[in-house]
Amino acid sequence: MKTKKKLWPLGLLLASGIITIAPLTACHKNDDKPNNTGEEKGYVTGIVTDTKGQPIPGASIVIDNTLIYNSNLLANSDAGGKYKVKLSGAFTWVATATMSKTYNGKTYKYDLHPEKDEAFTSDGGVRNFSWKISGNKPGSTGYYGAMIQLQSAFGSSIMAEDIEFTLTPSGPLIDGSSGQTLSLKSGAPRTENYYKLADIPLGRYTMKAKYNGQYLKLLNTITNDKGTELVINFEPQTSDGYCRNCTVVQYE
């Protein structure tokens, strides 16, 4: 003989604690809060750091609208090196950053290195920047380091690529680091760096130039300093606008 199961009222079961019902919670994404990648909906955010990883306040941030000419959003990094810019519209954007640094009485401007240089939409993105005093800039043949433009004296038959140049730091570099002695040569003929010493960490250096075992006479054409040993200070920009963070040295 089969026994018929007795059905208990739901209210009685709940009251007795035999079963419980978990509260329902809404499962939805809050688009105004950062996600696990650090992105914040509708904003581009980031942090700017120096060569030692410390925050840089006051860096200039430009959020460039890639679709509308000269339609940029501007910001500055705060005391913690952070910035945040509100985005809107069906646009794509590219972020760039610059900073200025005073060193030995002169103020130099630097392009900052992007952690990522891809464009992003108005949905938002994270673009961090860091200060580099040497190395290749992304997407170009330029360098973060300073440059010495070389010239041969009138009548000289010595080619720049045959000279060995030595730069010895005289004091800390622009970022406070001690630097190191550099042994450099001009780029090869028919290259961008021909008659140039490129990508030098900016600082004050003592410069020598050796050819066939002999030290050459040098002339800084900007300051008119001369000698077989020359103290090099880079110019934030030459008077003719030819170059930035550079100087011009003639040899004979």
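User: Which residues touch the most other members in the largest nonpolar core?

Analyst: A caution to begin with: this is a predicted model. The largest nonpolar core holds 48 residues. Ile63, Ile148, Ile200, Met207 and Phe234 touch the most other members.

User: Which strand gives the most to this core?

Analyst: Strand β5, residues 92–103, gives the most, with 5 residues.

User: Take Met207. What does Met207 touch, not counting residues up to four places away in sequence?

Analyst: Among its partners are Ile148, Leu150, Phe165, Leu167, Leu197, Leu218, Leu230, Ile232 and Val249. The list also includes Thr166, Thr228 and Glu229.

User: Now aromatic rings. How is a pair of aromatic rings described?

Analyst: By the distance of the centres and the angle of the planes. Here the count comes to 4 aromatic pairs. One of them joins Phe91 and Trp93. Their centres are 5.9 Å apart, with 85 degrees between the planes, and the pair is edge-to-face.

User: Is Trp93 buried or exposed?

Analyst: Trp93 is buried, because its relative accessibility is 4% and the cut-off for buried is under 20%. Phe91 is partly exposed, at a relative accessible area of 25%.

User: Why is the pair of Tyr205 and Phe234 edge-to-face?

Analyst: Look at the angle. The planes of Tyr205 and Phe234 stand at 85 degrees, so the pair is edge-to-face; the cut-off is over 60 degrees. The ring centres are 6.4 Å apart.

User: Which parts does the pair tie together?

Analyst: Tyr205 lies in strand β15, residues 205–211. Phe234 sits in the loop between β19 (230–232) and β20 (235–237). The pair therefore ties together parts that are 29 residues apart in sequence. Tyr205 is buried, with a relative accessible area of 1%. Phe234 is buried, with a relative accessible area of 1%.

User: On to pockets. What is the volume of the largest pocket, and how many residues line it?

Analyst: Its volume is about 360 Å³. The lining has 19 residues, with Gly142, Tyr143, Gly145, Met147 and Arg244 nearest the centre. By class, 7 are nonpolar, 5 polar and 7 charged. Strands β6 (106–111), β11 (146–152), β14 (196–200) and β21 (244–251) each supply at least two lining residues.

User: Where does the largest share of the lining of the second largest pocket come from?

Analyst: From β5, with 5 residues. The lining splits into 8 nonpolar, 4 polar and 3 charged residues.

Methods. Residues numbered from 1 in each chain as written. Predicted model: local features only at pLDDT ≥ 70, side-chain atom pairs only at ≥ 80, totals over all residues. Heavy atoms only, no water. Core = buried A, V, L, I, M, F, W, Y, C linked by side-chain atoms within 4.5 Å. Buried < 20%, exposed > 50% of the residue type's maximum accessible area, 1.4 Å probe, protein only. Helix = DSSP H or I, 4+ residues; strand = E, 2+ residues; numbered from the N terminus. Contact = heavy atoms within 4.5 Å. 1 Å grid on protein atoms, 1.4 Å probe; cavity = no way out; pocket = protein on both sides within 12 Å on 5 of 7 lines; lining within 4 Å. Points joined across faces, edges and corners; volume = space filled by probe spheres on them. Nonpolar A, V, L, I, M, F, W, Y, C, P; charged D, E, K, R; others polar. Phe/Tyr/Trp six-rings, centres within 6.5 Å; stacked < 30°, edge-to-face > 60°.
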